[in-house]
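Dear colleague,

Please find below the sequence and the structure that I am handing over to you. My notes on what was found follow directly after.

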Amino acid sequence: MSRSADTLLLANVSRRGLLKGLAGGSALLLAARWDLGLANEQAQFGAGAMPGGWVDNPNVFIHIDSDGLVTIVNNRAEMGQGIRTSLVMVAADELGADWDQVRAEQANADQDRYGNQNTDGSRSMRHWYQPMRRAAAAARLMLEQAAANRWDVPVHEVRAGIHKVVHSASGRELGFGELAESARELDVPGRDALVLKSDSELRFIGKESGLINGELKSAYPKAIDGEDIVTGRAVFGADVDLEDTLYAVVARPPVYGAKVKSVDDSEALNVTGVRKVIPIEGTGQPAAFNPLGGVAVVASNTWAAMEGRRALKIEWDRAAAGDNADYTSDAYRESLEKAAQSPGKVIRQSGDAEAALEAADRRVSATYYMPHMAQAPMEPPVAVVRIRDGKAEAWAPVQNPRATREGIAGLLEMDLEDVTVHQTLLGGGFGRKSKPDFVMEAARVAREFEGQPIKLQWSREDDIQHAYFHAVSVDHLEAGLDADGKATSWRHRTLSPSIASLFAPDPRHKGEFELGMGFNTMPFSIPAIRLENPPAPAHVRIGWFRSVYNLPHAWAIQSFAHEMAVAAGKDHRDFVLDLLGPDREVHNLTVGDGWNYGEDPELYPIDVARMRRVIERATEEAGWGRETGKGRGLGLAFHHSFVSYTAIVFDVEVSEAGELTIHRADIAFDCGPQANPERIRSQMEGSCVMGIGIALQSEVTFEDGVAQQDNFDSYLIPRMPNAPRVVRVHLIDNPNDAMGGVGEPGLPPVAPALCNAIFAATGKRIRRLPVGDQLAS
Amino acid sequence: MVTLTINGSEHELDVPDNMPLLWALRDVAGLKGTKFGCGIAECGACTVHLDGEATRSCVTPVSAVQGRQVTTIEAMADDAVGQRVQQAWLDLGVAQCGYCQGGQIMNATALLKRTPRPDTREIVDAMAGNLCRCGTYNRILAAIERAAGKEVSS
């Protein structure tokens, strides 16, 4: 993903200036047309730069039956963000389809046909909004042309309405179904011929519906999977039902990198229903998406397989794990805290931060810790694989179908064409299901059972003990204030193992894509800034967790900015607005970020005005500055991530006994143009709850390389009583900027806002997550 | 061989007595609406009704349910209260990924049968055992209130 500054600068034609120079209302349309000039292979940014790029051929995505049923293909993974509804709705709106006559079809893994399918990085809508609108507009034009041909009139005299094409002059009309067959025969119109609908012609895109801040304003157009979900018919990974299925579970090494020394399977094979015990080769470190190794038990049902696994006697070779076998997270935290006291690799600097710190009237210093966490989607990893006649077929809940397909092909030494991956619904993903290791395991087991489907199920214990863990982090910050309490200097050292250690020898330093998640993109206007990244070795299998390194960076920076405000004796909001400085666009390259979530920094700079706007909105809605009374307080945090802007204010109360009540959350969010505001709200609400868990409860610790938590009785995640009863989401109406991400940017500011509120209520500063029992008096 | 009454029909299942009802339903009876989430009665994804009571099928051996009425999410559309709960779920767009929602609906339906007009505290207490990693709790709460015939609170 890394690009040199030179290449990046070459691409700096001022597209954004072009966008801004035109009337705001047409920005969406123009933005929709921007990609037209860029062939996929030439694109350096955005959808076109992703593997497989974008596709906007209507014949790939839209099919209309002669009875009028419109089938729209969704090529992205549905994991709760609502993309199957939202993206299909975008196409249906542009096409003019009657929503009651629309169904979604899930694409198999086929990047050549469907373009990029890697559902990750909060990219689905921002990368596919334009291609899907173009595909639908092309289909609409083909229907209009078919009608014009039928009536023998010029195409400009006919117009598509809702599910029909009308010739006003003669009063004739034909339904989409009646036109479908002849429309299919037509050539796909060139992109130049497409005119996207104006905002006033749209029925769904950008329109508020459903439950808005506790009130049901209007009916929500029915969710694609809504009825299947509430009736139990929705098909998730484990719900795939094939004849003659065998069920498998795997006993994996307790320590990352350990191997099987010996296995006694005699008792396991005596368990009723157990058919076979198979050793699974591990691929060592780095593991990437490969199996961790261990021993698989195959049985006639899941329970028998689990009972068989319980009866295995395995001796593990821990020495094979090297240093990992000694990994203890408490000791590791201490080692990082110590390392944070010394300078590290310089990532960004302006001015002389050391001299400014020396000269400061007052210095503020703090160290923050965020622990390992497991994504723990409610559906544990599971996959079905069948190998037959030299071909493999998989059914799996995966965020990255392409990597799944390539992985299976590699493992089984098959051509990519001989591997089919069917995408099921995901019972939550959060980054865990970006890694298809569990499908590789199923493929490995299926190799032993020609023609027979293998359903490989992870237990919750498997999921929490063998997650791709969110890496621990230590962030050490120091700032100088002048006599007026104004910041003169800022030094931030960030320490975490790099996710690159999953794929290559451990680099011991964060990569560009990790630093670019809120560390070097920190937008404060301070005369002297020094950002450093001391080394931190990796010991466990780490990987993406929803919003990734934005979590520790936002947690530390937003907590520290509050500590600075307190030290300066200033109101937190006033202080951070001053820290942000004047409204301006910070070009990512000027702060050393050549990544920018893969987006063009001209289109997506760090926009301080947008940051300020969400802070102002959240604080106003929360009644910032009001008298809260003893034991109660408001806390603020904000963050820019996945090219969107979020601010959140919590209103909390802490009793004398240390019991926390979260009265309310006010979330202001700016993602630029909103495709489906209803699902944006639900993502913000969900992020708020997940973030509360990150702040208060969730932690995986390690002793001698072994995860100490293994299920929801020890790895805690929020329950209904933990959620604030009042969550208000305030969407910023901003059609003029480029579209941003939604699934992840709500999460990073939650934990620091909550901890800042706890400080406001109690005077107790939290610097180590989770809060756990730190409030108990 | 055990005989279970599931959604009003008798099923003869060739399973050991100690097999949890969850796996008998999913792998043997072919009813996949009841989900596996934790296996230790901590998450509620596997919630079914046993003689009308919300029960965690992942820790309930089939031997304990012989002769009793097992009701699963697949039968909720035929239940007057279940249907109201499902409709409220759809009206308020509760589900995100949806994996836990069958269990949530089973628990909510059992609650409303027991307590037709629960107050907020009663709902929160009753639903505390059902995890949702997507964080849809406030919509679940609002949907239960709606199904109970209350105004959606704001």
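I begin with chain B, where the hairpin formed by strand 1 and strand 2 of chain B has two residues between the strands, and B:Asn7 takes a positive phi near 50°. Please bear in mind throughout that this is a predicted model. Strand 2 of chain B (residues 9-13) lies largely in the open, because the number of buried residues among its five is zero.

Two further residues deserve attention for their backbone angles. In general, most residues other than glycine have a negative phi. B:Asp51, however, has a positive phi near 50°; B:Asp51 sits in the loop between strand 3 (47-50) and strand 4 (53-56) of chain B and is exposed, with 11 other C-beta atoms within 10 Å. In chain A, phi of A:Ser547 is near 75°. This serine belongs to the loop between strand 22 (528-533) and helix 19 (550-568) of chain A, and A:Ser547 counts as buried because it has 32 C-beta neighbours inside 10 Å.

Chain A also contains cis peptide bonds. One runs from A:Gln285 to A:Pro286, with omega near -5°, and A:Pro286 lies in the loop between strand 11 and strand 12 of chain A. Another joins A:Leu769 and A:Pro770, with omega about -5°; A:Pro770 lies in the segment after helix 23 (750-762) of chain A.

As to the domains, the assignment divides chain A into domain 1 (5-218), domain 2 (237-321 + 381-457) and domain 3 (340-374 + 468-762). The centres of domain 1 and domain 3 of chain A, taken over C-alpha atoms, are separated by 35 Å. Their contact takes 33 residues from domain 1 and 31 residues from domain 3 of chain A. On the domain 1 side, helix 6 of chain A gives the most, with four residues.

Finally, an unreviewed UniProt entry places the feature "domain: Aldehyde oxidase/xanthine dehydrogenase a/b hammerhead" at residues 231-320 of chain A. Over that stretch the chain is 17% helix and 33% strand. Helix 12 (residues 302-310) of chain A is mostly covered, with eight of its nine residues buried, including A:Trp303 and A:Met306. The buried residues of helix 12 of chain A pack against several elements, among them strand 11 (274-280) of chain A and helix 1 (21-28) of chain B.

With kind regards

Technical notes
Residues numbered from 1 in each chain as written. Chains lettered and ligands numbered in written order. Predicted model: local features only at pLDDT ≥ 70, side-chain atom pairs only at ≥ 80, totals over all residues. UniProt positions renumbered as here; feature names shortened; annotations may be inferred. Buried ≥ 20, exposed ≤ 12 C-beta atoms within 10 Å, placed from the backbone. Contact = placed C-beta atoms within 7 Å. Pairing = 2+ DSSP bridges. Domains from an automatic or database assignment.
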